[in-house]
Number of protein chains: 2
Amino acid sequence: MTSSRMIAGLVLAIAVSGAASGQERGQAETAVAAADAAWEHAYAAKNLEKSVADCDQNVSLLWPNMPVVRSKADVRAAIAKDFAGGDLAWHSTAVGVARSGDLAYSVGTYQWKLRGGSGKGSFDKGKYLTVWKKQADGSWRVLFDTFNSDLPAGG
Amino acid sequence: MTSSRMIAGLVLAIAVSGAASGQERGQAETAVAAADAAWEHAYAAKNLEKSVADCDQNVSLLWPNMPVVRSKADVRAAIAKDFAGGDLAWHSTAVGVARSGDLAYSVGTYQWKLRGGSGKGSFDKGKYLTVWKKQADGSWRVLFDTFNSDLPAGG
């Protein structure tokens with residue numbers, strides 16, 4: 001094999017690897033959507049261990065009406081308080097992944113039934129944005145999570 | 001030059017290119033922080049053209065107490081309403097960029113002075129999360145923007 005043919009082979013291999021990235025990206029989007037759904041299922045089941053474990057070690061929760069929640073201990077406390085306060089459900093409407101497959105987002109809608117509430121204030125709905133970071137083991141974890149209500153203020 | 005030396009040279013070139021990505025990433029983070037600051041300056045100056053132009057063509061504004069705002073016409077109307085409602089200032093506290101340099105986020109804090117307000121309801125502060133998409137021309141534009149208040153609900 002000549003040098004030029006070996007080089008051509010290597011260039012072809014790199015080109016094929018580049019061409020495959022569209023498929024890889026589709027797979028990454030599916031993985032992020034699955035991670036979002038898995039986090040929702042853990043949340044719906046009020047599984048505190050799993051809900052906290054799905055967060056990156058440097059997670060920030062940017063939740064309404066409270067300062068940013070950062071440490072894992074504070075994240076655990078915030079999620080536990082959420083669990084006690086009512087029943088939350090969400091589903092993603094779109095996900096996107098960087099070409100490099102290390103950073104992604106999911107967006108979607110949520111419905112929130114407050115425990116013991118009635119009339120105004122017993123139900124909330126809105127939208128969320130979650131930023132996901134790929135871990136060394138290939139799993140996706142929550143780096144940022146934030147949401148807000150669609151309802152009028154003070155509703 | 002032997003084939004093996006040519007291959008070794010190509011592998012070295014790829015490795016060096018990989019090593020340079022740390023510096024490139026630092027430059028990308030600086031660019032995203034600058035885009036965030038430039039958007040803030042346009043907003044502070046109530047420059048509607050620039051504030052809208054800084055948004056990606058597929059932007060979604062996930063703002064509190066309203067449904068998701070998507071079309072450029074609706075984005076323009078939402079920003080114009082924001083300008084009329086008071087004075088908003090923000091600054092980023094962290095930015096992150098995917099290794100591929102196509103997707104990024106900025107997070108930070110905002111202060112919001114409502115026009116003609118007094119006492120409760122005349123001031124708001126909170127945090128925001130913006131997802132940025134790199135454009136074909138190398139600039140960064142807003143793909144998602146969302147925020148919420150740190151203050152107690154109904155405050």
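Me: Where is Asp150(B) found?
Reply: Asp150(B) is in the segment after β5 of chain B. Strands here are DSSP runs of E with at least two residues, helices are runs of H or I with at least four, and both are numbered from the N terminus. Before we go on: this is a predicted model, where local features need pLDDT of at least 70, side-chain atom pairs count only at pLDDT 80 or more, and totals for chains, interfaces and linings use all residues. Residues are numbered from 1 along each chain as its sequence is written, chains are lettered from A and ligands numbered from 1 in the order in which they are written, and side-chain values use heavy atoms, with hydrogens and water left out.

Me: OK. What does Asp150(B) touch, leaving out residues up to four places away in sequence?
Reply: On chain A, Asp150(B) touches Asn65(A), Met66(A) and Pro67(A), and on chain B it touches Lys125(B), Gly126(B) and Lys127(B). Contact means heavy atoms within 4.5 Å.

Me: And which residue does Asp150(B) meet in a salt bridge?
Reply: Lys127(B), at 2.9 Å from N to O. The rule wants a side-chain nitrogen of Lys or Arg within 4 Å of a carboxyl oxygen of Asp or Glu. Lys127(B) sits in strand β4 and Asp150(B) in the segment after β5, so the pair ties together parts of chain B that are 23 residues apart in sequence.

Me: Is Lys127(B) buried or exposed?
Reply: Lys127(B) is buried, at 2% relative accessibility, while Asp150(B) is partly exposed at 23%. The cut-offs are under 20% for buried, over 50% for exposed and partly exposed in between, using a 1.4 Å probe and protein chains only.

Me: What about Asp150(A) and Lys127(A) over in chain A?
Reply: Their side chains meet in a salt bridge too, 2.9 Å from N to O. Asp150(A) lies in the segment after β5 (140-149) and Lys127(A) in strand β4 (residues 123-134) of chain A, so this pair ties together parts 23 residues apart in sequence. Asp150(A) is partly exposed, with a relative accessible area of 22%, and Lys127(A) is buried, with 3%.

Me: How many salt bridges over all chains?
Reply: Twelve. One of the bridges pairs Asp87(B) with Lys46(B), the closest N and O atoms being 2.9 Å apart. Asp87(B) is in strand β2 (residues 86-97) and Lys46(B) in the loop between α1 and α2 (48-53) of chain B, so parts 41 residues apart in sequence are tied together.

Me: Switching to the interface. How many salt bridges cross between chain B and chain A?
Reply: Four. Asp102(A) forms a salt bridge with Arg99(B), with the closest N and O atoms 3.8 Å apart.

Me: Which elements of chain B supply at least two residues each to the side that touches chain A?
Reply: α1, β3, β4 (123-134) and β5. By class, that side has 26 nonpolar, seven polar and five charged residues. Ala, Val, Leu, Ile, Met, Phe, Trp, Tyr, Cys and Pro count as nonpolar, Asp, Glu, Lys and Arg as charged, and the others, Gly among them, as polar.

Me: What area is buried between chain B and chain A?
Reply: About 2900 Å², of which carbon and sulfur atoms give 67%. That's the accessible area (1.4 Å probe) that the two parts lose on being put together, summed over both. The contact takes 38 residues from each of chain B and chain A.

Me: Now Tyr105(B): where is its place?
Reply: Strand β3 of chain B. Tyr105(B) counts as buried at 11% relative accessibility. Beyond its neighbours within four places in sequence, its contacts include Leu103(A), Val131(A), Leu143(A) and Phe144(A).

Me: Last topic, rings. How many aromatic pairs are there over all chains?
Reply: There are 18. Trp39(B) and Tyr43(B) have ring centres 5.9 Å apart and planes at 80°, so that pair is edge-to-face. Rings of Phe, Tyr and Trp (its six-membered ring) pair if their centres lie within 6.5 Å; planes under 30 degrees apart are stacked, over 60 edge-to-face and the rest tilted.

Me: Which helix holds Trp39(B) and Tyr43(B)?
Reply: Helix α1 (residues 3-44) of chain B, where they lie four residues apart, about one turn. Trp39(B) is buried at 2% relative accessible area, and Tyr43(B) is buried at 4%.
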